[in-house]
Amino acid sequence: MMRRGAFETNAVKHLRALAGRLFPERQLVVRTEGRVSYFKISQPVQIVMSGVVAVALSWSTFTSVSFLMHDQVLQAKDDEIAGARLAYRSLLNEVAEYQRKFASITKDLEENHSLMLGLVEKNAALQRNLSSVSRKLEITAAERQQVISARERLKEQLATLENEMTSLSGRNFALKDNLNAVESDLHLIMTERNKAQNDSSRMRNRVEELTSRLKELQETEGEVVQRMNERAGDQIAGLEKVIELTGLEPDRLLGVSEEEKSGVGGPFIPVEPDGLPAGDLKLELANLDRNLNRLESLQESIARVPLAAPLTSYYITSSYGKRKDPMTNRWSAHYGVDLGGPVKSPVFSTAAGKVTYAGWKGRYGRLIEIDHGLGLKTRFAHLSKVLVKVGQEVKFHEKIGLLGSTGRSTGPHLHYEVVFNNKPLNPLKFIRAGKYVFKDK
């Protein structure tokens, strides 16, 4: 560091010495109109002025050289510009060439693109065609398999037919052998046919005879059936009349509803003879069957109707209907008939039935109630003794109790009631109607 400082001090000293030799203090003498002026030019001013002059000279030299070199520079610039323009034109040409090439390439690409699209469409069409062809191939394969199976079956059938043909050939020979036998049998059959025709003629004659006889029998049986129908009709009418005398309706007693009686209809189809033997007789028999069924129902029903009197001998002390009460002497309804008789006279059931009540019942005293079915019930009240039990089955005219005066009674008598479907009826009508039934017994 000390060496460096010493070096710099020496250099400054040399410079100052050099400046002292080159720029010693000078004086400028100016004489103007006899007057002399002195101007002192110091060393720094000389140095500055020398520097300014040096700078001015340098600038002048530079500008002169530059002016002299300007044309060359311009020429060089023009050359560079001409070269650049030439290069630019070349570049433009190259760009134009590139544009043409690009346009050509673009055109090629478009053509290639169109070509590619066409190829894609063709590819899709080919794929579709391929799928269709694949399906057709599958169908064809299946059909081929079916054809193979059918061919195998046909082979089997052909083999079977060949076997059958072989068998038929054998049979053909056998048939030829049998043909002669058949011809002889045919002659025999023709003979038997002629015989059968003769027999048939005889049989037709026999059938005509039997038909004539059957017609006679039909007429005879028809008369018999007609008489039976008339007799059944008379009996039905008699039974219905007896039932009507009691105040009951026969159909209602038989359980035939109004809808069943009126439930008829259908298209009108006239009855025509069927041409068969005994056709009229069948109609008569059908009518007879209906009448017999009706008669059977009426007979079964009338057996349940209480037509007999409950006492062997009696006299009427009070009738059915409105009367003056024997206790209060006021008008009242009497739903039965009072039959007078000796005390402990036997009381009989008026029809077969089942005892539904037997015992004391309030104002009725000792009471018996019998259910005869078909909605018919009979009640016997004021008894002195009850001879039956509840649930007991009683027959017609069976002794069931003894006449008395129990309950609300003024003296020995039998209070007798007949009820149909819980509705009281006049017992005397039943007793009077029964006289037509029992008069012949």
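This is a short tour of selected residues in a predicted model.

Residues are numbered from 1 along each chain as its sequence is written, and side-chain values use heavy atoms, leaving out hydrogens and water. Because the model is predicted, local features need pLDDT of at least 70 and side-chain atom pairs count only at pLDDT 80 or more, while totals for chains, interfaces and linings use all residues.

**Stop 1: helix 2**

Select Glu97 and Arg100. They form a salt bridge with the closest N and O atoms 2.0 Å apart (a side-chain nitrogen of Lys or Arg within 4 Å of a carboxyl oxygen of Asp or Glu). Both residues lie in helix 2, three residues apart, about one turn of the helix (helices are DSSP runs of H or I with at least four residues, strands are runs of E with at least two, and both are numbered from the N terminus). Glu97 is partly exposed, at 31% relative accessibility (buried is under 20% relative accessible area, exposed over 50%, partly exposed in between, with a 1.4 Å probe and protein chains only).

**Stop 2: helix 5**

Go to Asn291, in helix 5 (residues 279-302). Is Asn291 buried or exposed? At 18% relative accessibility, Asn291 counts as buried. Leaving aside neighbours within four places in sequence, Asn291 is in contact with Asn229, Ala232 and Ile236 (heavy atoms within 4.5 Å).

**Stop 3**

Select Asp338 and Arg323, whose side chains meet in a salt bridge of 3.3 Å, N to O. This pair links distant parts of the chain, with Asp338 in strand 6 and Arg323 in strand 4, 15 residues apart. Asp338 is buried at 7% relative accessibility, and Arg323 is buried at 18%.

Next, select Lys322 and Trp331. Lys322 lies over the face of Trp331, 4.9 Å from the ring centre (NZ of Lys or CZ of Arg must be within 6 Å of the ring centre and within 35 degrees of the ring normal).

**Stop 4: a tyrosine over which a lysine sits**

Move to Tyr357 and Lys361. The charged end of Lys361 sits over the ring of Tyr357, 5.2 Å from its centre.

**Stop 5: strands 10 and 14**

Finish with Arg379 and Glu417. Their side chains meet in a salt bridge (3.1 Å, N to O). Arg379 lies in strand 10 (residues 376-383) and Glu417 in strand 14 (residues 413-420), so the pair ties together parts that are 38 residues apart in sequence. Arg379 is partly exposed, with a relative accessible area of 22%, whereas Glu417 is buried, at 5%.
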